Amino acid sequence: MTIATVLAALLPVIPQPTQWTPSGGECDLANARVTVSVSPSSNLGEEGYLMSIGAGEVNIVAGGTVGRIWAAQTLAQLKASGAKVQCGEMRDVPKYRTRGLVMDVGRMYHSMGFMRDLALTMSYYKLNTLHVHLSDNEIVKASQAKTADWSKKYAAFRLECETCPELTAKDGSWTKKEFRDFMKWCRTIGVTVVPEIDVPAHSLAFTRVRPDFASREYGADHLDLDKTDEIIAWLKPIFAEYMTGPDPVFAGPYVHVGTDEYNKKEAEKFRRFTDLMLKMVAEFGYKPCAWGALTHATGETPVIAGKDITMDIWHNPYYQPEAALKAGYTIVSVPDGLVYIVPFANYYYDYLNCKALYDGWEPRNVAGYTVPDEYMGQLAGGKFALWNDLMGKKPDGSRYTEADNWDRLHPAMQTLSQKMWTGARADEPWDAFASIADAKAEPAGVKSRHSRKLAAPAR
């Protein structure tokens, strides 16, 4: 079967719909009558929709508000591809309920304009989760932690903070109103923002303000877990500033507390700290999220578990997915060896190997572990991540920009939106998908700031 033959059977949209049955004939979308209704249905869920394309009309029935948004994006892509489209019936329901991106702004500031363009493009491709990594610092090797001059290492916390004003980064931050408005606006386009404040490692921004909380053993980017009670008491009002009041800054259901990459020698203390952080978020009325680390931190100290707590499984030795599932957590698949972008670094990926991901991965495959059928209800879905480990600096010392990051994010958004929406599809080979992706127009209002490098070589 030729690519042309396959393309003729596909629609010029990303992701391809779950089911598409052409009926013959064409519809002139420019003049077609479009009707839309919302009818809650267990068959469609909140995100699913039915679309019937006839000669002169398009009828849409969405299962919920978000399904209506996704139907509108499909229609927008169809219109962008040309005035006429095949007639037929479409049933479109995502396989995975979490389809997202982790964006590290802690190590490199990004403008709110960039973030809004990013969310618009995610919505265009039906990616529904934007995990914003709000705080972090320059990486220092563990072997150098005790002798490092931490005063010269980069660290940033990207939100305005009235509780502790000196915490807010001086080289770029967002006001609370900006971030609250951003989170609310994202909801209107089907995107849920998950804010992350990362502790007890990656915490140099905090110990700059409270040097007495810095670990002498593991470096100033680690909070001293011998002082856990004091640290939690200090952190709680900071978190409360964003999570309480009649109009909270964190205007969504989830809050991420980081909790990863602490030395395993401190497993019991780390487990207690993690437990207290997850409970604190839950007490504020949010659903807690964390980076999975409880295999790395094996111990006896109990850590609160349950389906309303999400563990991002990023590196299986840190938390084996089977152990997280058996503990009762909801998990999200973020395998670092497959879906981590670190621009201009010599590790992970500069550009994701989109062809390899398209041909061989979906969230159910968590770095070689396949989630069994009985646990699929606990697998929310997947995310990919862009980490600014180099803090906006290329190896030659020059700066890289938001546009450089966009160039890396865009092909990944296109490819992984398909893998997270439908999973593996033998009837949609890579070459056909890439031809559709190369031809896709931008969503309205978003500047073209990428080169669509869909087939970057594997590193």
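Is Glu266 buried or exposed? Glu266 counts as buried, at 17% relative accessibility, while Lys269 comes out partly exposed at 33%. Here, buried is under 20% relative accessible area, exposed is over 50%, and partly exposed is in between, with a 1.4 Å probe and protein chains only. The areas themselves come from the Shrake-Rupley method with that 1.4 Å probe, and for residues only the protein chains shown count as cover. The two side chains meet in a salt bridge, 3.4 Å from N to O. That term asks for a side-chain nitrogen of Lys or Arg within 4 Å of a carboxyl oxygen of Asp or Glu. Keep in mind that this is a predicted model, where local features need pLDDT of at least 70 and side-chain atom pairs count only at pLDDT 80 or more, while totals for chains, interfaces and linings use all residues. Residues are numbered from 1 along each chain as its sequence is written, and side-chain values use heavy atoms, with hydrogens and water left out.

**Asp389 and Arg107 link distant parts of the chain through a salt bridge.** Their side chains come to 3.1 Å, N to O. Asp389 belongs to the loop between β20 (379-386) and α11 (402-421), and Arg107 to the loop between β6 and α3 (112-124), 282 residues apart. Helices (H or I, at least four residues) and strands (E, at least two) are DSSP runs, numbered from the N terminus. Both Asp389 and Arg107 are buried. Salt bridges with shared partners tie Asp104, Arg107, Asp136 and Asp389 into one network.

**Glu362 pairs with Lys95, another salt bridge in this model.** The closest N and O atoms sit 2.9 Å apart. Glu362 is in the loop between α10 and β18 (365-366), whereas Lys95 is in the loop between β5 (84-92) and β6 (98-104), so to speak a link across 267 residues. Glu362 is buried, because its relative accessible area is 12%; Lys95, at 42%, counts as partly exposed. In total, the structure holds 24 salt bridges.

Leaving aside neighbours within four places in sequence, the contacts of Phe250 include Leu134, Leu159, Phe179, Met183, Tyr242 and Tyr286. Contact here means heavy atoms within 4.5 Å.

**Ile232 is a residue of helix α6.** Ile232 is buried, with 13% relative accessible area. Setting aside neighbours within four places in sequence, Ile232 is in contact with Phe273, Leu276 and Met277.

**Helix α2 (residues 65-81) spans 25 Å from its first C-alpha to its last.** With 17 residues, α2 is close to the 24 Å expected at 1.5 Å a residue; the expected span is 1.5 Å times one less than the number of residues. Among the buried residues of α2 are Val66, Ile69, Trp70, Gln73 and Gln77. As a reminder, an α-helix has 3.6 residues a turn, so residues three or four places apart point the same way. Gly82 follows α2, with a positive phi near 150°.

**A cis peptide bond joins Val199 and Pro200.** Omega is about 0° there, and Pro200 falls in the loop between β10 (192-199) and α5 (204-209). His202 lies in the loop between β10 and α5 too, and has a positive phi, near 55°, despite being a residue other than glycine. His202 is buried, at 14% relative accessible area.

**Ile139, Tyr347 and Tyr348 make a nonpolar surface patch of about 250 Å².** Patches are built from residues with over 30% relative accessible area and no salt bridge, joining like charges within 9 Å and nonpolar side chains (Val, Leu, Ile, Met, Phe, Trp, Tyr) within 5 Å. Tyr347 is in the loop between β17 (340-341) and α10 (354-360), and is partly exposed at 31%.
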